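Visitor: Hi! I have a structure open on my screen and would like a hand reading it. Could you walk me through it?

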Amino acid sequence: MQKLPEKQSKNWIYILLGQFIIIFIALIIQSKILDYNMNTENIIGFAILALSISLLITIGGYLGGRIYFITSSIFNISGLIYMITITLNKTAEDWNDLVSLVSYLTLLVIGFGIGLIAQLIYTIIAKKKGLS
């Protein structure tokens, strides 16, 4: 298994790029499955959303929050899988696009919250034990 880059390493840009590509492709796949007419505005919107989410996840790792990064990444991938599953199964008749995207974003926000709390707890414990 590949180790995460050190705090403030330039290698985090590659992780950011990887996260961006995965999220962007998943959003495009979801639109294609739903046979949604995509135009330039949609693609730009997906790119902005994917970049924003990628930045929110990766900046934590860049600043040294490994637990936050890992937790957020796990919830991100889980949310993308859940989004595609909802889309494929068409569980929300006529509302699949909205329901699947909101479900993804909900899981993502939960992941951000859990990641922040876990990182905060780890940092407090590490400082008390003199580990950091």
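Guide: Happy to; we can go from the overall layout to single residues. Keep in mind that this is a predicted model.

Visitor: Good to know. What is the average pLDDT of the protein?
Guide: The protein averages a pLDDT of 92, and 97% of the residues score at least 70.

Visitor: And which elements have the lowest and the highest mean pLDDT?
Guide: Helix H4, residues 96–129, has the lowest mean among the elements, at 94. H2 has the highest, at 96.

Visitor: How many helices and strands are there?
Guide: There are four helices and zero strands. Along the sequence the pattern reads α-α-α-α.

Visitor: What does the C-alpha trace span?
Guide: About 55 × 30 × 25 Å along the principal axes.

Visitor: What share of the residues is buried?
Guide: Of the 132 residues in the protein, 33% are buried. As for contacts between residues at least 6 apart in sequence, 71% of them join residues at least 24 apart.

Visitor: Let's look at helix packing. At what angle do H2 and H3 pack?
Guide: Helix H2 (residues 40–62) and helix H3 (residues 66–89) meet at about 150°, and their axes are 7 Å apart. That makes H2 and H3 roughly antiparallel to each other, because an angle over 145 degrees counts as such.

Visitor: Which residues make that contact?
Guide: H2 brings Ile53, Leu56, Ile57, Thr58, Gly60 and Gly61. From H3 come Tyr68, Phe69, Ser72, Ser73 and Asn76.

Visitor: Is each one buried or exposed?
Guide: Tryptophan 12 counts as buried at 2% relative accessibility. Phenylalanine 69 is buried as well, with a relative accessible area of 6%.

Visitor: Which other ring pair can you describe?
Guide: Phenylalanine 20 and phenylalanine 24 have ring centres 5.7 Å apart and planes at 10°, so they are stacked. Both lie in helix H1, four residues apart, which is about one turn of the helix. Phenylalanine 20 is partly exposed, with a relative accessibility of 22%.

Visitor: Now some single residues. What is threonine 71 in contact with?
Guide: If we leave aside neighbours within four places in sequence, threonine 71 is in contact with Gly111, Ile114 and Gly115. Threonine 71 lies in helix H3 and is buried, at 16% relative accessible area.

Visitor: And how far is threonine 71 from alanine 126?
Guide: Their C-alpha atoms are separated by 18 Å, and the two are 55 residues apart along the chain.

Visitor: What about glutamine 119, buried or exposed?
Guide: Glutamine 119 is buried, because its relative accessible area is 14% and the cut-off for buried is under 20%. This glutamine lies in helix H4. Beyond neighbours within four places in sequence, glutamine 119 is in contact with Gly64, Gly65, Arg66, Ile67 and Tyr68.

Visitor: Which residues does leucine 101 touch?
Guide: Not counting residues up to four places away in sequence, leucine 101 touches Leu27, Gln30, Leu49 and Met83. Leucine 101 is placed in helix H4 and counts as partly exposed at 24% relative accessibility.

Visitor: Last topic, the backbone. What is phi of glutamine 8?
Guide: Phi of glutamine 8 is near 60°, a positive value in a residue other than glycine. Glutamine 8 lies in the segment before H1 and is partly exposed, at 47% relative accessible area.

Visitor: And where is lysine 90?
Guide: Lysine 90 is in the loop between H3 and H4. Phi of lysine 90 is also positive, near 50°, and lysine 90 is partly exposed with a relative accessible area of 43%.

Notes. Residues are numbered from 1 along each chain as its sequence is written. This is a predicted model: local features need pLDDT of at least 70, side-chain atom pairs count only at pLDDT 80 or more; totals for chains, interfaces and linings use all residues. Side-chain values use heavy atoms; hydrogens and water are left out. Axes are lines fitted to C-alpha atoms, for helices over the stretch in contact, and angles run from 0 to 180 degrees between N-to-C directions. Helices (H or I, at least four residues) and strands (E, at least two) are DSSP runs, numbered from the N terminus. Angles under 35 degrees count as roughly parallel, over 145 as roughly antiparallel, 65 to 115 as roughly perpendicular and the rest as oblique. Contact means heavy atoms within 4.5 Å. Buried means under 20% relative accessible area, exposed over 50%, partly exposed in between (1.4 Å probe, protein chains only). Rings of Phe, Tyr and Trp (its six-membered ring) pair if their centres lie within 6.5 Å; planes under 30 degrees apart count as stacked, over 60 as edge-to-face and the rest as tilted. pLDDT is the predictor's confidence in each residue, from 0 to 100.
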